[in-house]
Amino acid sequence: MYMIHRGVIFPTNSHDEESLDYAENRFQVWDEDIFNVTYPKSGTTWMQQILTLIHSNGDPTLSRSVPSWERVPWIEQRTAHGYLETRPSPRLITSHLPVQFFPKSLFHSKAKVIYTARNPKDTFVSLYHFYNMSGFLEDPGATQDFLNKFLSGEVIYGSWFDHLRGWLGVKDKVNLLFITYEELLQDPRGSVIKVCNFIGKKLDDKAIDSVVENSSFKSMKENQMTNYSLVPDSIMNQKKSPFMRKGICGDWKNYFTVAESEHFDVVYHEKMRNLDISFTWDK
Ligand code: A3P
């Protein structure tokens, strides 16, 4: 079910030592590559959809006919090896990898990285539901217990804090756009334009409207190519919790007790010390 790779937990349904070694040491990054990097449950699928639509100049055909994980595949998963090499450039590539496991060749390239972060309280709630519905992850147990695991990094892809800190730490060495889930929610159009500018793609107003429309929560919840309904119940049981669950900011308030929230804040301020970054916690 799990493996521990240099101190970080990875699910073994899609990862192994070989796939992680391939990603880190053998995968060749091309200058035109565009990476969608996230900690899990932070807007990965959303950015996969936005990037596909921008890439297709707003034409939704591809985003309605090919699953998101094939359009913007994960570099660290077993299926990437062999597949990514055949993709036309510019390749759209997803990753949850903490920066220390990322392809080394990134640092000698001009490739672009979009890092989408989400406030960690909502990320935690979304991850809790994801553990609950996933056949390949353990039962998360009580929220209180899972919260302790989240805060100490004993969850898939490790500590949220380390992930963010690691990626912000290379922002001067990598062509990186930092964007937040909350920013995407508050200003979808402005966010799409920001991504277009970063990847050097010029779209007209109509195309931008189509990107926004086809990447809305409602549209993605209905789209089989983004809502994970193609995945069998044994892997993702959407009767327990839909993949496209709520798609809002501030849901953590329905789960955290006052004491848990205060404890979280203490850990947050300690771990985020000296980082010039802030999150929106409520809509
Ligand atoms: P919730 O569980 O809080 O609803 P990831 O793709 O990184 O696994 O993240 C999944 C989370 O992003 C889920 O959060 C999902 O509902 C939310 N999400 C996906 N697409 C979205 C969209 N277009 N708008 C808002 N939230 C979206």
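This is a predicted model: local features need pLDDT of at least 70, side-chain atom pairs count only at pLDDT 80 or more; totals for chains, interfaces and linings use all residues.
The empty spaces are considered first. In general, rolling a probe the size of a water molecule over the atoms shows where empty space is left. The largest share, four residues, is supplied by α5. By class, the lining of the largest pocket comprises 24 nonpolar, 16 polar and six charged residues.

The second largest pocket has a volume of about 190 Å³. Its lining consists of Asp-31, Glu-32, Ile-34, Leu-51, His-55, Pro-90, Leu-92, Lys-110, Lys-112, Ile-199 and Lys-201. Five of these residues are nonpolar, five are charged and one is polar.

The model also holds one cavity of 30 Å³ or more. The space in the largest cavity amounts to about 30 Å³. Phe-124, Thr-143, Leu-147, Tyr-255, Phe-256 and Glu-260 form the lining of this cavity. Four of the lining residues are nonpolar, one is polar and one is charged.

Two helices illustrate how buried residues are arranged along a helix. An α-helix has 3.6 residues a turn, so residues three or four places apart point the same way. In helix α7, which spans residues 160–168, the buried residues are Trp-160, Phe-161, His-163, Leu-164, Trp-167 and Leu-168. Because these residues cover an arc of only 165 degrees around the axis, they lie on the same side of α7. The elements against which the buried residues of α7 pack are the strands β3 (34–38), β5 (112–117) and β6 (175–180), together with the helices α5 (120–133), α6 (143–152) and α12 (258–271). The N-terminal end of α7 is capped by Ser-159, a side-chain oxygen of which lies 3.1 Å from the backbone nitrogen of Phe-161.

Helix α10, formed by residues 205–214, has Ala-207, Ile-208, Ser-210, Val-211 and Asn-214 as buried residues. The buried residues of α10 fall within an arc of 160 degrees when seen down the axis, and they therefore line one face of the helix. Their cover includes the helices α2, α3 (61–65), α9 (188–199) and α11. The face of α10 turned away from the buried side carries Asp-205, Lys-206 and Glu-213, which are exposed.

Three individual residues were then examined. His-5 is located in strand β1, residues 2–5. His-5 counts as buried because its relative accessibility is 8%, and the cut-off for this class is under 20%. When residues up to four places away in sequence are not counted, His-5 touches Phe-10, Glu-17, Leu-20, Glu-24 and Phe-101. With Glu-17, the side chain of His-5 makes a polar contact of 2.9 Å.

His-129 belongs to helix α5. With a relative accessibility of 13%, His-129 also counts as buried. Apart from its neighbours within four places in sequence, His-129 is in contact with Ser-241, Arg-245 and Tyr-255. The side chains of His-129 and Tyr-255 are joined by a polar contact of 2.9 Å. Tyr-255 is also one of the residues that line the largest cavity.

Lys-41 lies in the loop between β3 and α2. A relative accessibility of 14% places Lys-41 among the buried residues. Its contacts, leaving aside neighbours within four places in sequence, are with Arg-118, Thr-123, Ser-126, Leu-127, Phe-130 and Phe-243. Although His-129 and Lys-41 are 88 residues apart in sequence, their C-alpha atoms are 9.9 Å apart in space. For Lys-41 and His-96, the separation is 55 residues in sequence and 9.8 Å in space, C-alpha to C-alpha.

Key:
Residues are numbered from 1 along each chain as its sequence is written. Side-chain values use heavy atoms; hydrogens and water are left out. On a 1 Å grid over the protein atoms alone, a cavity is a set of points where a 1.4 Å probe fits but cannot get out, and a pocket is an open set with protein on both sides within 12 Å along at least five of seven lines; lining residues have an atom within 4 Å of a point. Grid points are joined across faces, edges and corners, and a volume is the space filled by probe spheres set on the points. Ala, Val, Leu, Ile, Met, Phe, Trp, Tyr, Cys and Pro count as nonpolar, Asp, Glu, Lys and Arg as charged, and the others, Gly among them, as polar. Buried means under 20% relative accessible area, exposed over 50%, partly exposed in between (1.4 Å probe, protein chains only). Helices (H or I, at least four residues) and strands (E, at least two) are DSSP runs, numbered from the N terminus. The arc is that of the directions from the helix axis to the C-beta atoms. Contact means heavy atoms within 4.5 Å. A polar contact is a pair of N or O atoms within 3.5 Å; within protein, one must be able to donate a hydrogen and the other to accept it, and residues adjacent in sequence count only if both atoms are side-chain atoms.
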